Amino acid sequence: MAGVNMNDVYDKLKRCCESVKARVRFRPDIALVLGSGLGNYAEQIQIETVLDYHEIEGFPVSTVPGHKGRFVFGYIQDVPVVIMQGRVHYYEGYSMTDVVLPVRLMGMLGAKVLFLTNASGGIQEGMHAGDLMLITDQISDFVPSPLIGANIEELGTRFPDMSQIYQKDLQDVIRRSAKDLEIPLKEGVYIQLTGPNYESPAEIRMCRTLGADAVGMSTAGEAIAANHMGMKVCGISCVANLAAGISKTPLTHAEIQESADRTAPLFQKLVTESVVRMAKLL
């Protein structure tokens, strides 16, 4: 990250934004990022238009199986949303500024709330594959901050406060939605490691000692970038497997997708209800 020219980063972001606006006339209120195995939710909404990442000038493109790599613009009930159907990851070789470019772009398109989702490995005692976890806080120290380099003043302040990355009022909305829908919901701290390899049992013990309840390879950097530019952030993690040393079997990407597929109906109900209720706070 040392040689990153933040003027170039902002110029690239503006070019991407102009490229999208030239193709899509739609102003979202809420941005939703769909994690591994959760991408099919985008097909459940009232779709207005779809834009493939390849069509956006200079846009980073996802290379991960199960990530379709496109923006879906439309409505969850009557709430205008933009959905990232597949994200890009630091482990794919992108700089962290490229990893968070889509989130910043959705903010520039008008989204006031960023709703993050991911598939994770469960660390918290009593977790099972298929659990949903409300993200209450995060640990991002093991990946570079997307804010390293000269500050982009147009987006936010040089030293942004991170004492409440995941907004308490949005957490309450998700909690109440889960309770009313009778969907079991865990809560906890999410830690982002670089990947793409899964963690060793010793690394999972370290994560647990640090206070992490679930581990994954995305999300924390995106939350920092969104918080920096004044978006409200919330997140749900789908516990796709138990982490190494807790799980009795080797970890596979196929297992993660299977768990996410199994949880998808509950996840979709919870996201829909939460988004509709969040829109009333805007």
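View A. In strand 5, its bridge partner is phenylalanine 115. Strand 1 (residues 30-34) and strand 4 (residues 79-85) pair in the parallel sense over five bridges. Strand 5 (residues 113-122) also runs parallel to strand 1, and four bridges join the two. Two strands are said to pair if DSSP finds at least two bridges between them. Helices (H or I, at least four residues) and strands (E, at least two) are DSSP runs, numbered from the N terminus. Residues are numbered from 1 along each chain as its sequence is written. Because the model is predicted, local features need pLDDT of at least 70 and side-chain atom pairs count only at pLDDT 80 or more, whereas totals for chains, interfaces and linings use all residues; side-chain values use heavy atoms, without hydrogens and water.

**View B. The two covered faces of strand 1.** In a regular strand the side chains alternate between the two faces of the sheet. On one side of strand 1 lie Ile30, Leu32 and Leu34, on the other Ala31 and Val33, and all are buried. Buried means under 20% relative accessible area, exposed over 50%, and partly exposed in between (1.4 Å probe, protein chains only). Five of the five residues of strand 1 are buried, so the strand is largely enclosed by the rest of the structure.

**View C. The packing of helix 3 against helix 6.** Helix 3 (residues 168-181) and helix 6 (residues 253-279) pack at an angle of about 130 degrees, with their axes 9 Å apart. Axes are lines fitted to C-alpha atoms, for helices over the stretch in contact, and angles run from 0 to 180 degrees between N-to-C directions. The two helices are therefore oblique to each other; angles under 35 degrees count as roughly parallel, over 145 as roughly antiparallel, 65 to 115 as roughly perpendicular and the rest as oblique. Helix 3 contributes Leu170, Val173, Ile174, Arg176, Ser177, Ala178, Asp180 and Leu181 to the contact, and helix 6 contributes Lys269, Leu270, Glu273, Ser274, Arg277 and Met278. Contact means heavy atoms within 4.5 Å.

**View D. Two residues with positive phi.** Most residues other than glycine have a negative phi, and most peptide bonds are trans. Glutamine 77, in the loop between strand 3 (70-76) and strand 4, has a positive phi near 55 degrees. Glutamine 77 is exposed, with a relative accessible area of 54%. Threonine 219 has a positive phi of about 80 degrees and is found in the loop between strand 8 (214-216) and helix 5 (220-228). Threonine 219 counts as buried, at 1% relative accessibility.

View E. Glycine 195 and proline 196 are joined by a cis peptide bond, with omega about 0 degrees. Proline 196 is placed in the loop between strand 7 (186-192) and helix 4 (201-210).

**View F. Serine 140 and glutamine 167 in the loop between strand 6 and helix 3.** Serine 140 lies in the loop that links strand 6 (132-139) to helix 3, and glutamine 167 is placed in the loop between strand 6 and helix 3. Serine 140 is buried, with a relative accessible area of 17%; leaving aside neighbours within four places in sequence, serine 140 is in contact with Ala220 and Ile224. Glutamine 167 is buried at 19% and touches Lys232 and Val233, not counting residues up to four places away in sequence.
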